[in-house]
Amino acid sequence: EEGAESEPAARVGATEVAFPALANTMALGAVFIPVAFTGGLIGRFFMEFGLTVALTVFASTFVALTLTPMLCSRLLRVPERRGWAFRMSEQIFRAIEWAYRTALAGAFRARWLTLLLGVAAFAVGMLALANIPRDFAAEEDRNAFMLRFETPQGATLAETDAYARQIEAVLAETPEVRHQMLIMGLTRAGPGQPNTGMAFVRLTPRRQRERHQVEVMQDLRVRLNAIPAGRAFVMELTPGGVGGSPVEVVLQHPDLETLARQQEQVIDWMRDQPEWYQGVRTNLELNNPQVDVTIHRDKASQMGISVADISNTMRFLFGGPTISTIERDAQRYDVITEATGRGTMNPATLRDVYVRGPEGMLVSLDNLVDLEETIGPSQIHRYNRIRSATISSQVPPGVAMGQAVARLEDYLRRELPAGADYELTGLSQIFEESFYYLSITVVFSVVFIYLVLAAQFESFLHPFTIMAALPLATIGAFGGLWLFGLAFNVYAFIGLIMLLGLVTKNSILVVDYSNVLVARGRDPLAAAKEAAAVRFRPVLMTAISTILGMMPIATGFGAGGEARMPLGISVAGGMLTSTALTLLVIPVMYTLVAQLQAAVVGRLARQPAPATRSSLAAEPTPG
């Protein structure tokens with residue numbers, strides 16, 4: 001447009017942006033490569049994401065510095081007449097540029113006040129972060145969820161089946177349920193207890209129903225709690241396809257009775273707060289009915305009956321052991337014993353059992369043993385070789401996992417006595433682990449960005465000027481989440497990491513051109529003003545294209561869009577505020593850093609050189 005030929009213009013234009021393009025590429029690579037090597041479950045989720053973005057940025061930079069200039073030299077021409085669309089848009093851009101130049105002049109007149117404005121924006125962003133709840137992922141409508149249900153300990157399979165049929169009836173009455181499958185006596189680890197079961201529920205597609213999956217699940221919780229025959233727990237499917245609980249903690253204590261008392265205290269505390277915890281349950285059940293058998297050894301010895309005879313009799317009748325095998329047609333079958341009417345037996349049945357004596361006589365078991373009906377644990381669990389009880393719970397709609405977990409941890413730290421310990425497990429552990437690894441990733445990304453920029457700009461100060469754009473993005477990223485009522489989850493965290501690389505691009509454009517103008521002999525103040533004005537349109541175009549590209553994600557468009565919405569809002573909001581503040585704060589900060597650098601260099605230059613003493617002897621004067 002300034003009159004140069006196409007090919008020289010393309011060559012000069014590519015040369016001017018080559019260094020900032022390479023600097024920005026290296027900065028983006030320094031951000032996304034650590035994401036690919038993040039530890040824990042979150043690292044497995046985002047490894048492909050980090051590598052894909054990093055390699056794509058490198059490839060696009062190569063294309064931008066080779067193919068794009070060539071195409072510009074061949075295709076770009078200045079038309080003799082402009083269309084109405086160009087004239088109208090040009091008027092809009094010129095009005096925006098005039099407003100920006102006016103604001104920039106005011107920022108240079110009050111440089112310290114402008115710098116204070118940037119600090120205030122960062123403080124507001126941190127305040128918004130403090131008021132945003134933390135969560136692992138947004139509540140996503142997957143069209144599917146699962147139930148776990150249980151009847152009282154000691155219930156038979158027939159009683160559990162009756163309760164399961166009531167659950168089936170409730171699910172059948174729910175119009176959003178398209179398919180259901182109930183399983184009894186089965187757990188994730190294999191065969192379970194006859195009083196437990198699970199159900200997998202699939203809903204109609206989202207567009208065919210009015211209620212969200214969360215609303216359907218909450219409605220089922222209320223209706224299933226009204227069935228007195230057992231307890232049912234409605235839970236979401238985790239990314240692995242298995243139902244999990246947002247809140248899950250393991251209590252540990254060597255003594256089983258003490259552990260039972262502690263878990264009851266914790267469960268009572270959680271159930272007293274239904275606004276925070278729902279469906280509280282534990283895997284340590286101490287109400288399993290059992291019969292303690294005490295053998296009269298002296299009486300059994302007098303009758304010639306051994307303890308092993310009594311034990312084996314009871315084992316064969318009630319334990320169902322494998323006593324033999326049958327091979328037929330290359331298949332092997334186990335032969336097991338089964339007592340008639342086993343499902344209807346009760347403790348009194350033991351009194352009708354007879355043991356065969358040494359001469360074939362039958363002796364009633366009631367004469368040889370004492371029976372006592374008691375209760376005890378159905379299973380003793382251990383965690384890290386210590387007796388444990390796992391307490392898990394769902395959270396009501398609108399409550400973030402981070403809030404519920406933090407509240408529970410605070411209670412456990414205050415109330416657990418000496419000798420007891422706890423540890424988060426399940427989704428709670430993944431949540432804490434993910435935020436820890438992502439925080440480490442942010443720290444390493446910032447360090448790598450500084451090292452890359454310091455090496456490219458050959459300065460230890462200019463990278464600080466460029467990276468000042470990072471805190472300026474927090475007010476938009478966190479403020480956007482707070483404004484739309486979204487939690488700060490792992491997707492928003494990834495969006496924050498993306499911002500580390502994206503917002504430095506604008507600063508690199510301004511600082512690099514300022515350095516070019518200073519090298520041509522301009523004063524730093526004049527150079528910063530001109531660089532900010534010249535680079536205004538590229539910065540604005542980059543920001544607008546990034547924000548528009550994030551709009552489908554920020555609006556939750558497409559399948560699974562609800563989960564990715566925090567990522568889009570954090571990136572779009574961060575780019576918006578960072579661009580607006582960068583165009584004012586970064587030029588001002590550049591001049592202040594240049595003045596500081598000049599003052600330090602001038603002070604060092606004014607210091608006298610230290611005196612040195614020659615180690616050589618003075619030569620004699622002639623004559």
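Which residues does Phe 488 touch, not counting residues up to four places away in sequence? In this predicted model, Phe 488 touches Leu 129, Ile 132, Pro 133, Arg 134 and Asp 135, and also Phe 435, Phe 478, Leu 481, Phe 493 and Leu 496. Phe 488 belongs to the largest nonpolar core, which has 100 residues, and together with Met 270, Tyr 277, Leu 408 and Leu 412 it is among those that touch the most other members. The largest share of this core, 14 residues, is supplied by helix H15.

Two packed helices are described by the angle between their axes and the distance between the axes. Helix H11, which spans residues 426-457, and helix H15, which spans residues 490-519, have axes that come within 10 Å and cross at roughly 10°. Because angles under 35 degrees count as roughly parallel, H11 is roughly parallel to H15. The crossing of these two helices, H11 and H15, is right-handed. On the H11 side, the contact is made by Ser 434, Phe 435, Leu 438, Ser 439, Thr 441, Val 442, Ser 445, Val 446, Ile 449, Leu 453 and Phe 457, while H15 contributes Val 490, Phe 493, Ile 494, Ile 497, Leu 500, Thr 504, Ile 508, Val 511, Asp 512 and Asn 515. Sorted by class, the residues in this contact of H11 with H15 are 14 nonpolar, six polar and one charged. Two of the residues named here, Phe 435 and Phe 493, are also touched by Phe 488.

H15 also packs with helix H17, residues 536-554, at an angle of about 160° and with the axes 9 Å apart. Since angles over 145 degrees count as roughly antiparallel, H15 is roughly antiparallel to H17, and the crossing of H15 and H17 is right-handed. Here Met 498, Leu 502, Lys 505, Asn 506 and Leu 509 of H15 meet Pro 538, Val 539, Thr 542, Thr 546 and Met 550 of H17. By class, the contact of H15 with H17 consists of six nonpolar, three polar and one charged residues.

A last stop is Gln 91, which lies in helix H3, residues 84-109. Gln 91 counts as exposed because its relative accessibility is 58%, and exposed means over 50%. Although Gln 91 and Arg 537 are 446 residues apart along the chain, their C-alpha atoms are separated by 13 Å.

Methods: Residues numbered from 1 in each chain as written. Predicted model: local features only at pLDDT ≥ 70, side-chain atom pairs only at ≥ 80, totals over all residues. Heavy atoms only, no water. Axes fitted to C-alpha atoms, helices over the stretch in contact; angles between N-to-C directions. Helix = DSSP H or I, 4+ residues; strand = E, 2+ residues; numbered from the N terminus. Parallel < 35°, antiparallel > 145°, perpendicular 65-115°, else oblique. Left-handed = near helix turned anticlockwise from the far one by under 90°. Contact = heavy atoms within 4.5 Å. Nonpolar A, V, L, I, M, F, W, Y, C, P; charged D, E, K, R; others polar. Core = buried A, V, L, I, M, F, W, Y, C linked by side-chain atoms within 4.5 Å. Buried < 20%, exposed > 50% of the residue type's maximum accessible area, 1.4 Å probe, protein only.
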